[in-house]
Amino acid sequence: MNKIEIVALPKEQWKGAVVPLVTRSDSYYDFEIKQLDSDGCKIELIKREASEEIVHTPEEYDFPDSLYQDHWENAEAFGVVGDSNELLACIEVCPEEWSNRLMVTELWVSDDLRGKGLGKQLMDKAKEVAQKQKRRAIILETQSCNTNAIGFYLHEGFELIGFDTCCYTNNDIGRREVRINLGYFFNRDGKRW
């Protein structure tokens, strides 16, 4: 495959550009949780086939994903732009200074460009930025119904670092859309920085 050119997406030009994230999946990670008590707890994530396709679209939420949202201070975005200046793929990263980690706040590849290795190229860009900034880790958020993305992240070396069963609604487990946090570590020598 020819390498597709990834370019910087300057804030002045791309702030507010909508990232049309749609999740479609025929499987999900189900959470089986024995609640925490004085003896501990037990948590299992089990991949299950969905009885019908799970679809989540931007219209379900109060605000669509977009680049350079105000709460992501010092974000940087990179991507692929079409001949008509349309966004075809992107990754946005933002430093979390207090923990010395780099957050991936957006990652999207248009349907036409999927399966061409572009997701890996974009993630390689995030790893390059993190190393240049001497970050100790890269973190990101995905959802339990986004099994394709989870598989991609695991293949890229990410691991489970946490989850939130009520991030989006009070029924995230029932909706099969639990927030899953994944992390990529450059070393595991115990050093904070």
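Which residues does Glu-92 touch, not counting residues up to four places away in sequence? In this predicted model, where residues are numbered from 1 along each chain as its sequence is written, local features need pLDDT of at least 70, side-chain atom pairs count only at pLDDT 80 or more, and totals for chains, interfaces and linings use all residues. Side-chain values use heavy atoms, with hydrogens and water left out.

With contact taken as heavy atoms within 4.5 Å, Glu-92 touches Ser-66, Leu-67, Tyr-68, Trp-72, Ala-75, Glu-76, Ala-77, Met-103, Val-104, Thr-105 and Glu-106. Glu-92 is found in strand E5, helices (H or I, at least four residues) and strands (E, at least two) being DSSP runs numbered from the N terminus. The relative accessible area of Glu-92 is 0%, and the residue is therefore buried, a term that stands for under 20% relative accessible area, whereas exposed stands for over 50% and partly exposed for values in between (1.4 Å probe, protein chains only). Between Glu-92 and Ile-43, which are 49 residues apart in sequence, the C-alpha to C-alpha separation in space is 31 Å.

Strand E5 belongs to an open sheet of 7 strands with mixed pairing, in the order E1-E4-E5-E6-E7-E9-E8; two strands are said to pair if DSSP finds at least two bridges between them. The edges are taken by strand E1 (7-8) and strand E8 (159-164), each of which has a single partner strand, so that one side of each is left without a neighbour in the sheet. Strand E4 (residues 76-81) and strand E5 (residues 87-96) are antiparallel and pair over 6 bridges, with Ala-77 standing opposite Glu-92 in E5. Helix H2 (residues 118-132) packs on this sheet and touches E4, E5, strand E6 (101-109), strand E7 (137-143) and strand E9 (179-185), its direction making about 160 degrees with that of E6; axes are lines fitted to C-alpha atoms, for helices over the stretch in contact, and angles run from 0 to 180 degrees between N-to-C directions.

Further along the order, E7 and E9 pair in the antiparallel sense over 7 bridges, and E8 and E9, also running antiparallel, are joined by 5 bridges. Leu-182 in E9 is the bridge partner of Leu-140, and Leu-160 likewise stands opposite Leu-182. Strand E9 is mostly covered, as 5 of its 7 residues are buried. Strands E2 and E3 form a hairpin with 2 residues between them; their antiparallel pairing extends over 12 bridges, and Tyr-28 stands opposite Arg-48 in E3.

Helix H3 (residues 147-155) lies across E6, E7 and E9 and runs at about 160 degrees to E7. The buried residues of H3 are Thr-147, Ala-149, Ile-150 and Tyr-153. These residues cover an arc of only 155 degrees around the axis, which puts them on the same side of H3, the arc being that of the directions from the helix axis to the C-beta atoms. They pack against strand E2 (23-37), strand E3 (40-56), E6, H2, E7 and E9, while Asn-148 and His-155, on the other side of H3, are exposed. Gly-157, which follows H3, has a positive phi near 100 degrees.

A nonpolar core is defined as a set of buried Ala, Val, Leu, Ile, Met, Phe, Trp, Tyr and Cys residues joined through side-chain atoms within 4.5 Å. The largest such core has 28 residues, and those with the most contacts inside it are Ile-91, Val-93, Val-104, Met-123, Tyr-153 and Phe-158. At least two residues of this core come from each of E2, E4, E5, E6, H2, E7, H3 and E9, and H2 gives the most, with 6 residues. A second, separate core of 14 residues includes Ala-17, Leu-67, Cys-90 and Trp-108.With a disulfide taken as a pair of cysteine sulfur atoms within 2.5 Å, the count comes to 0 disulfides. The sulfur of Cys-166 lies 7.7 Å from the closest cysteine sulfur, that of Cys-167, which is too far for a bond. Cys-166 is partly exposed, with a relative accessible area of 47%, and Cys-167 also counts as partly exposed, at 30% relative accessibility.
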